[in-house]
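Have the sequence and the structure open as you read.

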Amino acid sequence: MTKQIDVQKQPILSFRRITQIAISGVKYRLFRAVVTVAVIVVAMAFLMNILTESLIKRSVAETARDQIEALHRVDAWIARLSIAQAPEEIITALADPDRQEAFAYELVALKAVDPSELPDLYRQTGDAAEYLAFFRELPYGRRRVLVGPREGTAIFMSLSGDQAIERLETGLATMKTLRFPSSMDAFHTFLAGWPELQASIDRIRNAQSEAIAVVQRTLENRTLLDALADAEGSFGDVIRDAGFHLNAAEAEGISRDVRRIQQIARIEKTVNNAGIRQAIAADRDILPGDVTINMIWDMVENREKAAWYIEQMEANNADPGVIDAARLQQLAASRSEERLLKMAERQTVETGGGLLGMGKRMTWLALVSMLVCAVGITNAMLM
């Protein structure tokens, strides 16, 4: 039996209605296309902004690295001549190709290691630095699961037992996104040699402590900061005789930096001088209590004001020492530069990590923007 198909009379649209439907469809598709293009453009602009910012930060970090290091040079030497380095610092110094030669020279001079031991020491500390970096960069929760509350070299000491190693391996197996720096067999080999490396590090720290004691005995009533002002003179010889590595160029830079720090401190003490505060307040038409040290530094960047300030110091029994107007202006400029360097250091602290050296946070933002781009392009192609 054949089924009869009843074909109804089809509606006939007018040309005007057909045109309206066609225009409506084109408008709809154009709207989707515009939205898709806008999403892609915004995502690409965001990605390029991130890449540009990372490149600028890398350039700033590379340009300012030596200046930032010089900025902390005096602090670093005061720390070195006050207390033996932490095990992590020793490992980092020996594992860094840029620092290991000078540091090894110092260790030999301190009689902490024999030159024949250096190749093995470089290899062991290189492995240790890699493992330390892995555990240091872990989020606290994950590190707690893997090695408990321990940090630094204490982690290696805690992994001497089979139970601790099993806990680590089990935790790594469950954390699929983590990539351990080496195979577990290589890590077992490292842990087996850790007591020997730890003994070498303890020997280095003991040698440093003995050298520090020698230096400290020569200070008499001086602070380390005051003594380092003579780093290019007799005190530099004391440091070298104790076994520390201090070349002539660095000694000259330390002495120069210390003199600058002392001169800045001399100027900043004047903010507590009542006569000087009163003079500045009258000059600026403010209350004496509103005078700040930053205001003083901003003021003496001008040569005439610097000369005026030296006159005020002399008139109010605040001895300027060897500081004249030109030197005061230089100090103001160097202090301003120091502030900029510290700001650059804070802004570029994560530079060098992540994708293309963008840092972890910027890497994730770049990946998200790339994902948005991919979704937008896919949508456009499918449409």
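The questions and answers below concern a predicted model.

Q: How many aromatic pairs does the structure hold?
A: A pair of aromatic rings is described by the distance of the centres and the angle of the planes. On that basis, the count of aromatic pairs in this structure is 12.

Q: Which kind of aromatic pair do Trp77 and Phe244 form?
A: The centres of Trp77 and Phe244 are 6.5 Å apart, with 75 degrees between the planes. Planes over 60 degrees apart count as edge-to-face. The pair of Trp77 and Phe244 is therefore edge-to-face.

Q: How many residues apart in sequence are the parts that Trp77 and Phe244 tie together?
A: Trp77 belongs to helix H2 (residues 73–80). Phe244 is in the loop between helix H11 (234–242) and helix H12 (248–269). The pair so ties together parts whose separation in sequence is 167 residues.

Q: Is Trp77 buried or exposed?
A: Trp77 has a relative accessible area of 2%. Buried means under 20%, so Trp77 is buried.

Q: Which charged residue has its end over the ring of Trp77?
A: Look at the ring of Trp77: a charged end sits over it, 4.4 Å from its centre. That charged end belongs to Arg80.

Q: Which helices hold Tyr131 and Phe190?
A: Tyr131 and Phe190 form a tilted aromatic pair, 5.1 Å centre to centre and with 50 degrees between the planes. This pair links distant parts of the chain, 59 residues apart. Tyr131 is in helix H5 (residues 118–137) and Phe190 is in helix H9 (residues 184–217).

Q: Which residues form one aromatic cluster with Tyr131 and Phe190?
A: Tyr131 is buried, at 4% relative accessible area, and Phe190 is buried too, at 7%. Both belong to one aromatic cluster.

Q: Which helix supplies the largest share of the nonpolar patch?
A: Phe31, Val35, Val39, Val368 and Val372 make a nonpolar surface patch of about 400 Å². Helix H1 (15–71) and helix H17 (360–382) each supply at least two of its residues. The largest share, 3 residues, comes from H1.

Q: Is Val368 buried, partly exposed or exposed?
A: Val368 lies in helix H17 and has a relative accessible area of 49%. Exposed means over 50% and buried under 20%, so Val368 is partly exposed.

Terms used
Residues numbered from 1 in each chain as written. Predicted model: local features only at pLDDT ≥ 70, side-chain atom pairs only at ≥ 80, totals over all residues. Heavy atoms only, no water. Phe/Tyr/Trp six-rings, centres within 6.5 Å; stacked < 30°, edge-to-face > 60°. Helix = DSSP H or I, 4+ residues; strand = E, 2+ residues; numbered from the N terminus. Buried < 20%, exposed > 50% of the residue type's maximum accessible area, 1.4 Å probe, protein only. Lys NZ or Arg CZ within 6 Å of the ring centre and 35° of its normal. Patch = residues over 30% accessible without salt bridge, like charges linked within 9 Å, V, L, I, M, F, W, Y side chains within 5 Å. Areas by Shrake-Rupley, 256 points an atom, 1.4 Å probe, with all protein chains shown as cover. Salt bridge = Lys/Arg side-chain N within 4 Å of Asp/Glu carboxyl O.
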